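Keep the viewer open as we go.

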Amino acid sequence: MSPAGCPHVNSFKVDNWKQNLRVIYQCFVWSGSAETRKRKAKSCICHMCGAHLNRLHSCLYCVFFACFAKKHIHEHAKSKRHNLAIDLLYGGIYCFMCQDYIYDKDMEQIAKEEQRKAWKIQGKTGSMRSFECALCASGIGEKYSTWEPTKRELELLRHNPKRRRITSNCTIGLRGLINLGNTCFMNCIVQALTHTPLLRDFFLSDRHKCEMQSNSCLVCEMSQLFQEFYSGHRSPHIPFRLLHLVWTHARHLAGYEQQDAHEFLIAALDVLHRHCKDDNGKKANNPNHCNCIIDQIFTGGLQSDVTCQVCHGVSTTIDPFWDISLDLPGSSTPFWPLSPGGDGSALNGESHTTGATTLTDCLRRFTRPEHLGSSAKIKCSGCHSYQESTKQLTMKKLPIVACFHLKRFEHSAKLRRKITTYVSFPLELDMTPFMASSKESRMNGQYQQTVDPFNNDNKYSLFAVVNHQGTLESGHYTTFIRQHKDQWFKCDDAIITKASIKDVLDSEGYLLFYHKQFLEYE
Amino acid sequence: MKMEDMPLSGPDNTKLEALVHDIYSELVEDACLGLCFEVHRAVKQGYFFLDETDQESMKEFEIVDQPGVDIFGQVYNQWKNKECECPNCKRLIAASRFAPHLEKCLGMGRNSSRIANRRLASNNNMSKSESDQEDNDDLNDNDWSYGAEKKARKRKSDKNQNSPRRSKSIKHKNGELGSSVSSEPYKYNYNTGISYETLGPDEVRSLLTTQCGVISEHTKKMCTRSQRCPQHTDEQRRAVRVFLLGPSAPSLPDADTVVESDSFDIPDGQTLMSRLQWEDSPDISPADSASSKASTNHSDSRRPKKKKRPSLGLNSGGGGSLTGGGGSSSSSSQSNISLSTKKKRPKLSAPSISSIYDDLN
């Protein structure tokens, strides 16, 4: 018997009490289907005063409903010596001897099970639009209940009163990283990844079940990395094992020399993805249906439409992507002119100082229709011949974390240089104008999109910025990351300092990480 | 039917409003009741106050926002001496030099293949004895440079067998261990060590006449370096001989051949001369490695090894400068030598050695 129970339940726990209790829960407390709800509404009235509300309780020993507020159930209990009653709204059990609600372990167990059953039924019929139903409808069928400590855990917590609480003015979650010898490219990506909220939640709730035999699982190492970051240690962490594992699994990256952070990001995501795939055994074979955490967070779908100029037939392909590489003005590829329909920058409220390129400018250029020219004729299935065409890229499916890569390192045949043009990027980004669906409506003649304020699907918030200082040959990477709502920190290898939002927005920007603001269940 | 669609006036309106108000207040009350139940349950089950933080902990983790220090309140750039253990070769490496070390250790990167090819080429050209010399390059790695004090710990003889430098030499050595011990006692066999369990007492005895023989804690094998090996003390060597050969065993074989005298005479010059005919000495001194900081240094197989200065300038009285002690004085002590060989330190009589070591220690 748990300490919150009472001795008086023992007289109840005889014969077929479990079944009886279940029936009571099913019929009168957690009403799953429409019929039971109707029945509850009709039959549950106070037997003494006829009230429907007033905290109705049902006696556990006999069929008697009475309200609590007017003490009718108390009278019944006294006269009949039926000492237990159940609250019909929340299912709590009241003991008249103890004069308090009690929590008996066995009875609670039954209550929980019945509750879950009811939710499942509600979900299936889909009749109600309550919040819980929305959860059930997704097939999850189970409410996410808060954590409750077990008896043992309670003891431990009481004996150890020191707590490490993550408040908004807390350093927990932040930690420096030692530079192992030109490894600032790795450090900055690690900082960005460890501050990706969904990834952090995944690893801190221990969701990775490793199935790799050897010690070389990169996902396990990531998990360990999160433990290190949240350990409360102040000294910087030495990510030597991570480096070793990445070099072992991504040979093309190995070598003591300065490397590109973006390349490292892609390689790291790839290795993580491969190692995660081992978790979902049966899905591993189909690359399009991987459901690992990396895919859930980072993978988006890029739609490429090739339109034949003659018959206007469109052939569409959708490719997965982890990042979006954007050309910049000042590169050898022409940046302007853009397609008509200058939406976007007004939408995103970027400060459009004269001449300063914005991120939305780059995105508009990315999603513009491009004439492929006569030298690149595509075979059109409609015309059955080679015709000129235009190609256009749009976002089909947006990832939860969108990473924008500004192509600052130019490696063309003529020159190799770094493009240092300032590109201004916003704190909040709306990707709606760049979606495939927007393109369709644009083609149908609606140029100015009415922004639906209630459609929050495509709104993103900036949470990490990776910057590069220096030249093409040698330079240094640093990262700005966002820890709580509006606090930014600069991570320069082992040194973490507080930064202002202005510092972040004024920085050059090389890799920009945006996180979806609102997450929907699928 | 939405509220907006209802007529704003009419007799039913007040009733409707009252009803609506009733429903609304009931809903709010029910929600509050639910919250009350939650709190009640938490208090009764005992976990309501559990997440309260103590002030001390809160203070400990507060963010610091001052110039010159990071958010933990620490000064910048104090993390120079961090170390980590290489997952490949298990050595302790300075953290800021880990990446270049790992590159060589794993055999990746631009330099490693060049080095490896050169070694292979030189191995084919040189004789076996000279290839012994090559192996010493392993220890002259620049990574050793800072860790002179820690050599005892770092000189693990069970280095990762997969390390690219190891692979060639082992093949030569293992097969010939037995023979080389007996037939060429003065040939320097530098390999990972000899397992004393497999040897018979005679072999052990003869081994111990030429080699250091101290049994490594890590590998349980005998050190195959010379009797002047800098990694082990004479005390250790004596202990090993006692252990392996019995209490009557001489601590160093030289005690037999060298008459205990105050002065350093070479009683048996011939024996000593032959003993000094080692091809090369395992002159691995921290001083050597300290000089080889450049990464390609060890790849140059033709680089003449830094020989320890023979420490034969011994005074009478059993003392005398001895470069063998730790090897750190190898370059410093220049002593004239009565023997004309350019190499080895001769073996000294046991008593004098022990006292010398004591001095140096």
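Through how many residues does a hairpin join E20(A) to E21(A)? The answer is 5 residues. Bear in mind that this is a predicted model.

Let's stay with strand E20 of chain A, residues 475-482, for a bit. On the E21(A) side, where strand E21 covers residues 488-492, the pairing is antiparallel and runs over 4 bridges. As for cover, 6 of the 8 residues of E20(A) are buried, so the strand is largely enclosed by the rest of the structure.

Now hop over to another part of chain A, where you'll find an open sheet of 4 strands, in the order E7-E6-E13-E10, with antiparallel pairing. The edges belong to strand E7 (314-321) and strand E10 (370-371) of chain A; each has a single partner strand, so one side of each has no neighbour in the sheet. E7(A) pairs with strand E6 (residues 300-308) of chain A in the antiparallel sense, over 8 bridges. Within that pair, Val306(A) stands opposite Ser315(A) in E7(A).

For a helix, look at H10 of chain A, residues 240-249, which is mostly covered, with 7 of its 10 residues buried. Among them are Phe240(A), the run of Leu242(A) and Leu243(A), and Trp247(A).

Finally, bring chain B into view. The contact takes 51 residues from chain B and 57 residues from chain A. About 5000 Å² is buried between the two chains, and carbon and sulfur atoms give 63% of that area. Phe61(B), Ile63(B) and Phe72(B) supply 15% of what chain B buries against chain A, more than any other three residues. On the polar side, the count is 15 residue pairs in polar contact and 2 salt bridges. Asp100(A) forms a salt bridge with Lys44(B), with the closest N and O atoms 3.2 Å apart. As for which element of chain B gives the largest share of the side touching chain A, H1(B) does, with 10 residues.

One stretch of chain B carries a label: an unreviewed UniProt entry annotates residues 84-105 as "zinc finger region: SGF11-type". In the model, the end C-alpha atoms of residues 84-105 of chain B lie 14 Å apart, and the span is 36% helix and 23% strand.

Note on methods: Residues numbered from 1 in each chain as written. Chains lettered and ligands numbered in written order. Predicted model: local features only at pLDDT ≥ 70, side-chain atom pairs only at ≥ 80, totals over all residues. Heavy atoms only, no water. Buried < 20%, exposed > 50% of the residue type's maximum accessible area, 1.4 Å probe, protein only. Helix = DSSP H or I, 4+ residues; strand = E, 2+ residues; numbered from the N terminus. Pairing = 2+ DSSP bridges. UniProt positions renumbered as here; feature names shortened; annotations may be inferred. Contact = heavy atoms within 4.5 Å. Buried area = accessible area lost by both parts, 1.4 Å probe. Salt bridge = Lys/Arg side-chain N within 4 Å of Asp/Glu carboxyl O. Polar contact = N/O pair within 3.5 Å; in protein donor to acceptor, adjacent residues only side chain to side chain.
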